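Please read the following account with the sequence and the model side by side.

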Amino acid sequence: MAEMTYLEAIRQGLAEEMARDERVYAIGEDIGAYGGAFKVTEGLLERFGAERVIGTPISETAIIGAAIGSAYLGMRPVAELQFIDFVACCFNILTNFAAKSRYRWGAGVPMVVRGPCGGGVSGGPFHSANPEAHFLHTPGLKIVEPSTAYDAKGLIKAAIRDDDPVLFLEHKFLYRRVKDEVPDADYVVPIGQAVVRRPGDDVTVVTFGAMTYTALEAAEQLAQRDVEVEVIDLRTLSPLDHETVLQSVAKTNKVVVLHEAQRTGGIGAEIAAAITERGFEHLDAPPVRLASLDTPVPYNPGLEAAFRPGVEQIVAAVGQLVEY
Amino acid sequence: MSTDVVMPQMGESIAEGTVVRWLRKVGDEIDRDEPLFEISTDKVDAEIPSPAAGILTAIKVHEGETVPINSVVAVIGGADDVATAAPPAEAAPVIPAPTPPAAPPAAPAPPAPNSLAAADPSATAAVERVRSSPLVRRLAREHGVDLSQVTGSGSGGRVTKQDILTHIDRRPAAASSAAGPPPPSVAPAAPIGPPPVVSAEGTAPTFDAGQSSVAVPMTVMRRRIAEHMVASRRTSAHVHSIFEVDFSRVQQLRKAHGARYEQAGTKLTLMPFIAKAVIDALRAMPIVNASVDGDRVVYKRDINLGVAVALESGLIVPVVKQADEKNLLGLSRAIADLAGRARARQLVPADVQDGTFTITNPGGFGAVFGLPIINQPQVAILGVGSLEKRPVVVNDAIAIRSIAYLTLGFDHRLIDGVVADQFMGHVKRGLEQFEESIV
C-alpha cells in the first residue's frame, strides 16, 4: 500500500498489465522517450522496449486504426490520445467500426483508448473536452472515468482485461492533485459499478470525475446547515449503474445530476430520464441537472469558472430542492 | 354537440358509484357502445359503454373516486368540438364566435341537475389543486390519505414527503394498514379511511413476525353487501318457513328432455323449474311480488326474478326481466346468460335493476337449507337447499326420492305466515306435479 497520485496509479496499472500479459502494449504520440504529454507513460519505454511502447505520427485516426488492426490479430492495445478532444477525429472508426465489430462478425476489439479530459486548467476550447455524451449513444463502447487513484488503477486494469473497446477518460485536473492509498496488489475495479462517496438522507448528487470533489465540498458546506447530501460517483458512464442511483433516490427522493460537459444532450439528461422513468413514484421533486453552459470551453480562467458548475451552484440547487 | 357521460344508476336503491378504471383516455376517438369505463356499485361491477360516438374530451372523475349517480364523469365531444376544445386559444378571442363556444346542456339532463353537476366538478378541481409530487401521491394512495386534508409546507403550498409522513404518523394508529408491527392494543380499530380500490379478499393475509392481525380495506362490493344485509335486517321483520319438496318428477323431466335443451344450446338445470314454479306462485299471490313504501303496499306488475350468483369474492343478483313472459327454454337461457356474464363482470346496469323477487341457492355449496336475508326493497326470498336422495314415506311405503328443502324468507310486515305457507304450497305443488307440456 502506497499513497500515489491519480496519474501514477494509471501508470502503475498499465505497467502491471504489460508485465502480466505480453499482448498488452501502448501506442500514441510522444509516449516513448518523452513519456507522453502528461508523463503517464514515463519509464515504460525503458522497461518494456520500443516494440511495446510505440510512438506515432500526429494522426489520431492512424493510432486507433493501428490499435484495432492489432487487436484483430490478438494484441491488447492501450492507445493514448494526447487530449481526449481529438477523439472526435476517430469518431467514425470508433463508433462504426470498433463498437460494432463484435456484433457484425463476432470479432471483439480488446482495445483501451485513454486520454486526458476535462477542464479547470485553462485548457481552452481544444484541450478541455468531456466527450462522454458522444459515445454514450453508441452500443458496443464502454466508457469509464475514475475520480480516485485507487479507482484509476483498478479501472485501467479492468479496461485492459475487457474483451471489447473501452474509452478510458482521465480527468487532467486530477492527475497530480488527487492522491490516495493504492494497493500494490493486483486488483481490478469492476466496470459498471458506481460507488457512494458520502452517504446522506436528504438529496442525492449523482456525478463522476473531478465533479465528485466539487460535490463533496458542497456536501460539506450543506452539512453545516443540517442538509445531508448523498454523493454518488458513477465511475463507469457506460453501462450506467442505474441500480445504485435508483436505490439512493428511493431513499432521498430528490436528486441533482451533476457533470462537467455541456448541459444539452449530456449524460445528465440520460440519467435524469432513467430516474424519472424507473423511479417516478420515489420523486418528491423534479430531477435537477447541473452542467456547464452550452458554449465552447472558454480559455479565460474567470470565464471558465463561470462556465463550469461549481460549489455555489450545487449548494443553491440542493437548497432549492430541500425547500421544494 | 357534446354528450355528458353520467354515472349510471345501477339499481333503484343505489345512490352512488365508484369509477374503477377508465378504459379510454382523453383524446381517444370512441364509438357509441364501446366500453368506456368500469364502475363498482353496491350491486354490480360493470363496464359502461359510451353513450355516443365522438372524441373523449374530458374525464371529470378519476379512478377510485365515488360520485353520486347521474354525476357527469366524462364528456364525449363531436368532431367539431375537438377543434374548439383542443387548443386553448388560437388568439385572443376578440369577437365572439358565431357558434356558441361552451356547449349548452345537451340532452335533457337526468334528474340531478344543478346541485350535483355543480358540486362534482368543483370537488375534483379541489383535489387537482393540491400540489404534491409523484412520491407524495404514491404515499397517499398506499396509506389512504386524502391529500386535500394535508397541509403543504413546500413552495407554493406543495405537500412534501415530510408533510405526508407527519400526517400519516399522527393518524389513529389502527389506520396504518399492513406495514409495521401492530400498535400496542389500542381501543377498537378505527375505521379505515377512504380505501383504495384494492381487493385482498380471497388471498391469504400475510402476517409479519409478532403481528397478530392485519387490517385490509374491504372491496367496494364487500362494503355494499355489508351495508345492505344489515339494512335489510333492520328494515324487514324476517321470518323463515321451510318446506320439503320432492324433485323426483323434475329430475325425470330433466332426464327426458335434457338432450333437447342441449341441442337448443342450453343445459336444463333445476333452476328454471324452480323459477317457473315461483313465477306461477307469484302470479297467484301478488302480495309476495310487492314492496313496502311507508304505509303503502306497492304491487309490481312485472315479475322480475333475481337469481343470486356467487362470485369469487362477493355476490351479485342479476334479474330476469318479465320472467313470467318466458317459457322454460327462455328462462333457462336467460339464467345461464346472466350467471355467465356476472362471473365475467360483464353485467350492464339494467341487468341488476328492478328485481321483484329473488331466488338464492345455498344448496349449491351443500347447505341442507339456508335462511336468506331479503333483497330490499323486495318482501320475500326463496332459498334452495341441496338436492339429495332421501328415504321418504309414500303411500305407507318407504321410497327413495330426490328431496330438497326450500326456504322462504319473508317480511312479516306484509306477509303473514299463512300467506307465506300458501305461497310455498303453491311452489311445492308446481314442482312436484310439474306439467310435462310446459317442458
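Why does Gln378(B) count as buried? Gln378(B) counts as buried because it has 25 C-beta neighbours inside 10 Å, where buried means that 20 or more other C-beta atoms, placed from the backbone, lie within 10 Å of a residue's own. This is a predicted model, in which local features need pLDDT of at least 70 and side-chain atom pairs count only at pLDDT 80 or more, while totals for chains, interfaces and linings use all residues. Residues are numbered from 1 along each chain as its sequence is written, and chains are lettered from A in the order in which they are written.

Gln378(B) lies in the loop that links strand S16 (357–360) with strand S17 (380–384) of chain B; strands here are DSSP runs of E with at least two residues, helices are runs of H or I with at least four, and both are numbered from the N terminus. Although 21 residues separate Gln378(B) from Phe357(B) in sequence, their C-alpha atoms are 6.0 Å apart. Beyond neighbours within four places in sequence, Gln378(B) is in contact with residues including Ser291(B) and Gly355(B), contact meaning that C-beta atoms placed from the backbone lie within 7 Å.

Elsewhere in chain B, strand S6 (residues 54–59) pairs in the antiparallel sense with strand S3 (residues 29–30) over two bridges, pairing requiring at least two DSSP bridges, and Ile30(B) has Gly54(B) as its bridge partner. S6(B) is also joined by four bridges to strand S8 (residues 72–77), again antiparallel, with Ile55(B) opposite Gly77(B).

Between the chains, the contact takes 10 residues from chain B and nine residues from chain A. Helix H3 (residues 134–143) of chain B supplies four residues, the largest share of the side of chain B that touches chain A.

Technical notes:
Two residues are in contact if their C-beta atoms, placed from the backbone, lie within 7 Å. A residue is buried if 20 or more other C-beta atoms lie within 10 Å of its own, exposed if 12 or fewer, and partly exposed in between; C-beta atoms are placed from the backbone.
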